[in-house]
Amino acid sequence: MNFEQLQAFASSSPLLSLALVGLTLAIIVTEIARLFRGYKALRPAELTGLINRDNALVVDLSASADFEKGHIAGSRNIAPSQFDPENKLLTAAKQLPVVVVCRNGQASAAAAKRLKKAGFEQVYWLDGGVAAWQQADLPLVKGR
C-alpha cells in the first residue's frame, strides 16, 4: 500500500478515516496514562507471588456482607466509605506492598490512586478484582 492509495481511501471514506485516527489516539493516550499512573495492575497469579514473596497487605474494599461471603485469605476489609490512606492499618504498611482489591476492580483502582498520592511506595491493584480471582480458580475464605 502506498501513500496515494491511503489518500484515495481517506478522501473516499472520511468518517472511517476519522474514526481510525480517533481510536488510534485514544489507545495511545490510554497507554501513556497507564504508564504514568504510579500503581501497577496485577493478575491473580502475580498477586499470590507478591503475597508469598513480599508479605503484601491485601485491602479488600468490598461491602462487609460480600467480604464475609468470600475474600482472599489474609485480606483486610475496609468499607469504601471508610477508606482513608491515613487509616491505622494502612499507615503501618506504608513501606510494604499494598494491594487494593474490590469485587470487580473498579473501586479499587481509584483507591490505589489515592494511596499513591498519599506517599505509599508500592501500590498495586488487582485487575478484575475478586471476580478475576475466582475466574482463575483460586480459593476464597468465607466469614471474617
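Reader: How many aromatic pairs does the structure hold?

Author: The structure holds 1 aromatic pair, where rings of Phe, Tyr and Trp (its six-membered ring) pair if their centres lie within 6.5 Å. This is a predicted model, so local features need pLDDT of at least 70 and side-chain atom pairs count only at pLDDT 80 or more, while totals for chains, interfaces and linings use all residues. Residues are numbered from 1 along each chain as its sequence is written, and side-chain values use heavy atoms, with hydrogens and water left out.

Reader: OK, which residues form the aromatic pair, and what are the angle and distance?

Author: Tyr39 and Trp125, edge-to-face, with 6.4 Å centre to centre and 85 degrees between the planes. Planes under 30 degrees apart count as stacked, over 60 as edge-to-face and the rest as tilted.

Reader: What does the pair tie together?

Author: Tyr39 lies in the loop between helix 2 (14–35) and strand 1 (40–42), and Trp125 lies in strand 5 (residues 122–126), so the pair ties together parts 86 residues apart in sequence. Helices (H or I, at least four residues) and strands (E, at least two) are DSSP runs, numbered from the N terminus.

Reader: Are Tyr39 and Trp125 buried or exposed?

Author: Both are buried, meaning under 20% relative accessible area; exposed is over 50%, partly exposed in between (1.4 Å probe, protein chains only).

Reader: And why is strand 5 largely enclosed?

Author: Because 4 of its 5 residues are buried, strand 5 is largely enclosed by the rest of the structure.

Reader: How many bridges join strand 5 to strand 1, and to strand 4?

Author: Strand 1 is joined to strand 5 by 3 bridges, and strand 4 to strand 5 by 4; both pairings run parallel. Strands pair if DSSP finds at least two bridges between them. Leu42 stands opposite Leu126, and Pro97 stands opposite Gln122.

Reader: New topic: which residues have the most contacts inside the largest nonpolar core?

Author: Val59, Leu61, Phe83, Leu90, Val98 and Leu115, in a core of 18 residues. Such a core is a set of buried Ala, Val, Leu, Ile, Met, Phe, Trp, Tyr and Cys residues joined through side-chain atoms within 4.5 Å.

Reader: Which element gives the most to this core?

Author: Helix 6, with 4 residues. The elements giving two or more are strand 2 (57–60), strand 4 (97–101), helix 6 (106–117) and strand 5.

Reader: Where does the charged end of Lys94 sit?

Author: Over the ring of Phe120, 5.5 Å from its centre. That call needs NZ of Lys or CZ of Arg within 6 Å of the ring centre and within 35 degrees of the ring normal.
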